[in-house]
Each structure stands twice: as structure tokens, then as C-alpha cells.
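User: I would like to go through this structure with you and ask, for each label, what it rests on. Please set the values against the definitions as we go.

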Amino acid sequence: MQEKYKIFTVLISTINRNIRRIKAEIMAEHNLKCPHVSTIYYLYVQGGMTLKELCEACNEDKGAVSRSVKSLELEGLVKKDDATEAKYKNKLFLTEKGKELGKQIVEKIDAAVDYAAHGLSNQDKQIVYACLGIISTNLEKFKITSEKGLK
């Protein structure tokens, strides 16, 4: 039983650590930080998005995404469409400079994902992603209560 825990947690932790390292390497070239990767990535891939949409896409809280957007604005990579008075409804877009960086980021992410899946068939990849989705959903639902034991 302990072996399953060790294998599961070590593998997930190692994958997460490697993803952070790759993000840091990509951003270091531009004097930016890891959290900026997802912001730039989703704005590049999906185009204009509100802060709320961006938070959902990045799976991050509003504060973290707001800080990321603010620093990217200061770097001249992101701009807001001020067409609406409601601040939270303004769409965010990449500037031309941001789009150039976005293209580089997408290319590096694609290369990293392809490299990570090297040796897996398309069917294997589908199974891996399906399993990760199930595991993620199950862990979201899983709760331990001291009174009722495991649920």
C-alpha cells in the first residue's frame, strides 16, 4: 500500500517539478517568471479573453492571474481593450511583441509535450490523458473527514 503512495506522489511531483523547470527556462530568456507562461499561452492560442476567462483557462486564482497580467502589461506584452466601463469585462490581448513571444512559447511547449510523449502510440497518449483526467477529477472530489473516515 505504501509503495502505491510513493510511486504516485513521486511521479506526479517529478512531472510537476520538470514542468516548472521548463517554464522557468522558457521565461528566463525574456526575464519573466513561470506564471507568465500560461497567461501568454492562452492569450496567444485563444485570442482576447476577459480576466475571468483567463483565470479559468489557466486554472489559477484571480489574484495570481491579475499580477501576471499587470507585469506583462508593464513589459508591453499585454494590452486591455477598454471598450467597456466594467473593468472585469475588458478583454485582454497580446501586443505584437506579446504575439511574437507567444509564438515562441507555443512552439517550445509543443516540443516539450511531444518529447514527453516520445515512445507512446497515439492510443497510449489518449489513455494517459484520459487517466490523468479521471485521477484529477477523483482527487478534486475526494475528501477525508475525521468523523466518517474515507469517502
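Analyst: A word on confidence comes before the labels: pLDDT is the predictor's confidence in each residue, on a scale from 0 to 100. The chain has a mean pLDDT of 88, and 89% of its residues reach 70 or more. This is a predicted model, in which local features need pLDDT of at least 70 and side-chain atom pairs count only at pLDDT 80 or more, while totals for chains, interfaces and linings use all residues. Residues are numbered from 1 along each chain as its sequence is written, and side-chain values use heavy atoms, with hydrogens and water left out.

User: Where in the chain is confidence lowest, and where is it highest?

Analyst: Confidence is lowest in strand β5 (residues 149-150), with a mean of 54, and highest in β3, at 95; helices (H or I, at least four residues) and strands (E, at least two) are DSSP runs numbered from the N terminus. Where pLDDT is low, the predicted coordinates should not be read in detail.

User: What makes β1 and β2 edge strands?

Analyst: Two strands pair if DSSP finds at least two bridges between them, and the open sheet of three strands has the order β1-β3-β2 with antiparallel pairing. β1 (49-50) and β2 (78-80) each have a single partner strand, so one side of each is left without a neighbour in the sheet. β2 and β3 (residues 91-94) pair over three bridges, and Phe93 in β3 is the bridge partner of Lys79.

User: How do you know that Cys58 is in no disulfide, and why is Cys58 called buried?

Analyst: A disulfide is a pair of cysteine sulfur atoms within 2.5 Å, and by this rule the count comes to zero. For Cys58, the nearest cysteine sulfur, that of Cys55, is 7.3 Å away. Buried means under 20% relative accessible area, exposed over 50%, and partly exposed in between (1.4 Å probe, protein chains only). Cys58 has 10% relative accessibility and therefore counts as buried, whereas Cys34, at 23%, counts as partly exposed.

User: Why are Asn31 and Asn59 called exposed?

Analyst: Asn31 has 70% relative accessibility and therefore counts as exposed; Asn59, at 69%, counts as exposed too. Asn31 lies in the loop between α1 (2-28) and α2, and has a positive phi of about 55° although it is not a glycine. Asn59 is placed in the loop between α3 (51-58) and α4 (62-74), with a positive phi near 60°, again in a residue other than glycine.
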